[in-house]
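Please look at the sequence and the model together while reading.

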Number of protein chains: 2
Amino acid sequence: MDWNKEEKEKMLASAFPFWEKLTMEQQNRMLQGVIGNHYAKGTMLHYGGKECAGVQIIYSGQARVFVTSAGGGEITLFRLLDGDVSILSAACMMRGMDIELDMELETDSEICTIPKCIYQTISEENAEVKDYTLEMISEKFSDIMWLFNQYVFSNVASRLAGSILEHRALAGADLFSITHDVLARDIGTAREVVTRLLKQFQKDGLIKITRGKIEVLDSGKLSKI
Amino acid sequence: MDWNKEEKEKMLASAFPFWEKLTMEQQNRMLQGVIGNHYAKGTMLHYGGKECAGVQIIYSGQARVFVTSAGGGEITLFRLLDGDVSILSAACMMRGMDIELDMELETDSEICTIPKCIYQTISEENAEVKDYTLEMISEKFSDIMWLFNQYVFSNVASRLAGSILEHRALAGADLFSITHDVLARDIGTAREVVTRLLKQFQKDGLIKITRGKIEVLDSGKLSKI
């Protein structure tokens, strides 16, 4: 990535609420350490075990963070968009954290990484950084508890409806491109199940399916499934 | 609870790895603030939303921490035994943490609570305490991710087998008392499903079911389900 110090500083200041609380020297260490990378759409990154990138900022693009089972099944945990911070990509630097996760770039993306040694050292020096880390982890913990509840207590149809509404929000339009495969992986079910349910949703007048696209006709009813 | 300062100090020192790193004054604040309570078997405690006990130590007893769905379904997240620290009962003091959970005392229990204001103040003063909190949250996060995987990617039979082996470990014996209801709640399924599977396990020679008890006959095979 080709960017100057001002652009880097602007990005870090907007991503990290603790930025202004850092000393000039700490800011400079982060500015000098941050690494920008371009990833093509479809790139897969794996974090966990011994592999740890550091704290990442999605400068631009869209990433899907998911877990994979031994059998190859996938469940989407959350998506990261422009400006979002990926704290779990630094999970290996946290004692007690033992998770493995994958990230798929869903669009061409620019990702900035604060290497773990730099982030960790500054976090030891500055309580604001530690508080931020704990807050980010707590947020993700809450998100995943919510998702857990969705999985265990709600049925496949309502998860699918929720996923359709999420993609509608991401697209910012009622009509958007999506494959049955993407929906199936989002909610951790088979493609056939998604296809069958989508037909049912269409029959009920909630959506309209066209080649490679879905149009949401009744988001109100969809959200109540 | 009727205990003296020495007993309290021994308990706090053994529960918290940061104890020796606190100043005398901080230790005294914790010692003066800690509250001991006796709870009868079957007591239900709720944490989350605005309700927050503080950091708790199971002085003696056994607690089951679980989530409850709107429909009343339950899933056991983990159990806490003698000496375990319940960090999630202080979830409301963590920014970004938004979870609701329930705790059932499975035996008569003595629980010590460090009120959130005391824990939080000392945590602001001492980075070791903050590190400990982050580590405990990270551990619980990892546990719940593991459980999530179990739920979503593994079938009910293997979850039941896992739960039976857990209760065997808790009992410290192959033969132990357990109801089908407890097993059903542990793994978030209906009692009828548990009963049917237990019969299957018995037929396969893995367990022996007697009135209110289960005897594990082949833990090796059970762990491979």
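Does B:Arg185 count as buried, partly exposed or exposed, and at what relative accessibility? B:Arg185 counts as partly exposed, at 26% relative accessibility, where buried means under 20% relative accessible area, exposed over 50% and partly exposed in between, with a 1.4 Å probe and protein chains only.

## Basis of the model

This is a predicted model, in which local features need pLDDT of at least 70 and side-chain atom pairs count only at pLDDT 80 or more, while totals for chains, interfaces and linings use all residues. Residues are numbered from 1 along each chain as its sequence is written, chains are lettered from A and ligands numbered from 1 in the order in which they are written, and side-chain values use heavy atoms, leaving out hydrogens and water.

## Salt bridges in chain B

Over all chains, the whole structure holds 36 salt bridges, each being a side-chain nitrogen of Lys or Arg within 4 Å of a carboxyl oxygen of Asp or Glu. One of them joins the side chains of B:Arg185 and B:Glu74, at 3.7 Å from N to O. B:Arg185 lies in helix α6 (residues 180–187) of chain B and B:Glu74 in strand β5 (residues 74–81) of chain B, so the pair ties together parts that are 111 residues apart in sequence; helices (H or I, at least four residues) and strands (E, at least two) are DSSP runs, numbered from the N terminus. B:Glu74 is buried, with a relative accessible area of 17%.

## A salt bridge in chain A

A:Arg29 pairs with A:Glu125 in a salt bridge whose closest N and O atoms are 2.9 Å apart. A:Arg29 belongs to helix α2 (residues 24–33) and A:Glu125 to helix α3 (residues 116–125) of chain A, 96 residues apart.
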